Amino acid sequence: MAGFAEDILQAAEAAEAEIQEAVRALDRIVDLNQWKVIEAFQKHQVSDFHFAGSTGYAYNDRGREVLDLVYADVFGAEAALVRPHFASGTHTISTALFGVLRPGDELLYITGRPYDTLHKVIGKPGDGTGSLADFGIAYRETALTEEGEIDWEEVARTLTPRTKMIGIQRSRGYDWRSSFTVKQIGEMTAKVKELAPDAVVFVDNCYGEFTEEMEPAQVGVDLMAGSLIKNPGGGIAETGGYICGRRDLVELAAYRLTAPGIGGEVGAMLGTTRGLYQGLFMAPHTVGQALKGSVFAAAVFERCGFRTKPAWQEQRTDLIQAISFDGPEHLIAFVQGIQRAAAVDSHAVPEPWDMPGYEHPVIMAAGTFIQGGSLELSADAPIRAPYIGYMQGGLTYSHVKYGVLMALQSMRNRKLL
Ligand SMILES: *Cc1c(COP(=O)(O)O)cnc(C)c1O
C-alpha cells in the first residue's frame, strides 16, 4: 500500500464523513437515470442481434438505427445520431455547427469563450483551413458577467438578423466559472427564443450527461452534442460522439458527417455497437462514481486550504472539478500525483507540452484504458496563471480517492503542502 501521511488520511476520513448527505443525493440521480436508460432499451426491445457489427455501406444496420432511437429517448430529443465515426467531441460539435450554418450566417456564443479546441473550428476569415470563418460564417461571443451569468443586454446588442445559431457551453471547460445547470439552460433558451425566435439554440453538452435528472434537449434546446469517450460512453465506448435534438437539424448534421442525401443511412459500425449500448447502460452508474469522487476531492482539497469550483456541497452539472493552486509547482505535482494513481501508465511522468488545438502548454494525467477517455480519472491543466488544475472522471470512486491522496502526497513530498 502507498504510504500516505497520517494527516492526509485523516483529512480524507473527515471529508468522507462530511459528504455523506451529498453522496446520497447523487445516488438518487443515478437511480433515475439508470431506470430511464433501461426503460428506453426495453421500449425498443434491444436484443443480442442489435450488437452485431456491420460492414461496407451498412445499409439497414438495425443496431445502429435502434441505438439512435434509444439515445433520442434517453435525452428527450426527437432524433439522435450516435456514431463511432465521430473522432472526438470537437469533431462532433464541429459537425453539428457546419451542418446547420451557411455562408453569411452568424454563430453567437453567449457563455463566453468556448472550449479551446473550438477556436480553430471557428477560425479566422481567410485562414484557408476550412474553418467556419473561412466559409464566411461569422462568429461573435458575449462574455459572462462578473457573477458568471449571461450578459443579456450585451446579447441583445450583439444579435443581428443573421444570427442563425446561439451557442451555450454547459460545462466550465478550462475556465474558472460555474457550469450551467439544465434548469439555467432552459431559462436561457426561453429568453433567446424571445429575442430571436428563429435562432437555433445549440448546447455543447460535453461532460454534462447524466449528472442531473434532465438533459438540455428536454428544456427546449434545439440541438446538442457530446463525446462518447466522456459521460455517455460509460467508460466502455471506444470512440464516437452523439448529436441529438430536432429531427431536421440532426439530419443536417448527418449530411455533414457523411454526405448530403446519404446522412445517417450508411456507416459501418464494425465491432463497436455492443460497446456503445453497454456504455450507455453503464453511464449513469459510472458518472455517479465520478461525481462522488469529485465531491470527495473538493471536500479534501478545501480542508487542505485550496479553493475549489464547485465547492463540495454545490450542485453539480458536469464532471469537472477545478482546484486553484498557488503556482505551477503545485499544479504539476497535482497532475503527476493523479497519474501515479493510475492502473494504466502509472510509470509515466506527465510534463507540460504544446498539445494540438490548445493555445498554452498543457499538462495532462491520463492513465486510461481508452486513450484520452475523460470519464476515466484524468487531470489537465493549461500552464497559465491563475494555475487551476481540472480533474474529472473516475470509473470507480475508490480510484478517485486514491488519486486525490496521491496528489496530496506528491505535494507533501515536494514540501508544497
Ligand atoms: C471535451 C470537450 C470538448 C471537446 O471534446 P474533445 O473530445 O476533446 O475534442 C468540447 N467542449 C467541452 C465543454 C468539452 O469538455
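How many salt bridges does a search of the whole structure find? The search finds 20 salt bridges, a salt bridge being a side-chain nitrogen of Lys or Arg within 4 Å of a carboxyl oxygen of Asp or Glu. The structure is a predicted model, in which local features need pLDDT of at least 70 and side-chain atom pairs count only at pLDDT 80 or more, whereas totals for chains, interfaces and linings use all residues. Residues are numbered from 1 along each chain as its sequence is written, and side-chain values use heavy atoms, with hydrogens and water left out.

The protein is divided into domain 1 (6-33 + 284-413) and domain 2 (35-280), with bounds that come from an automatic or database domain assignment. The C-alpha centres of the two domains are 26 Å apart, and the contact between them, defined by heavy atoms within 4.5 Å, takes 39 residues from domain 1 and 36 residues from domain 2. The size of an interface is often given as the accessible area lost when the parts come together. Here domain 1 and domain 2 bury about 3300 Å² between them, with 58% of it on carbon and sulfur atoms; buried area is the accessible area (1.4 Å probe) that two parts lose on being put together, summed over both. Of the area that domain 1 buries against domain 2, N33, K309 and T317 supply 20%, more than any other three residues.

Between domain 1 and domain 2 the count is one salt bridge. D116 forms a salt bridge with R384, and the closest N and O atoms of this pair are 3.9 Å apart. The elements that give two or more residues to the side of domain 1 that touches domain 2 include α2 (20-43), α9 (273-303) and β8 (307-309), helices (H or I, at least four residues) and strands (E, at least two) being DSSP runs numbered from the N terminus.

Another salt bridge is formed by R83 and D68, whose closest N and O atoms are 3.0 Å apart. This pair links distant parts of the chain, with R83 in strand β1 (residues 79-83) and D68 in helix α3 (residues 62-74), 15 residues apart. R83 is also among the residues touched by L257, together with L81, H85, F86, H91 and T95, when residues up to four places away in sequence are not counted. L257 itself is placed in helix α8 (residues 247-257).

Most residues other than glycine have a negative phi, and most peptide bonds are trans.
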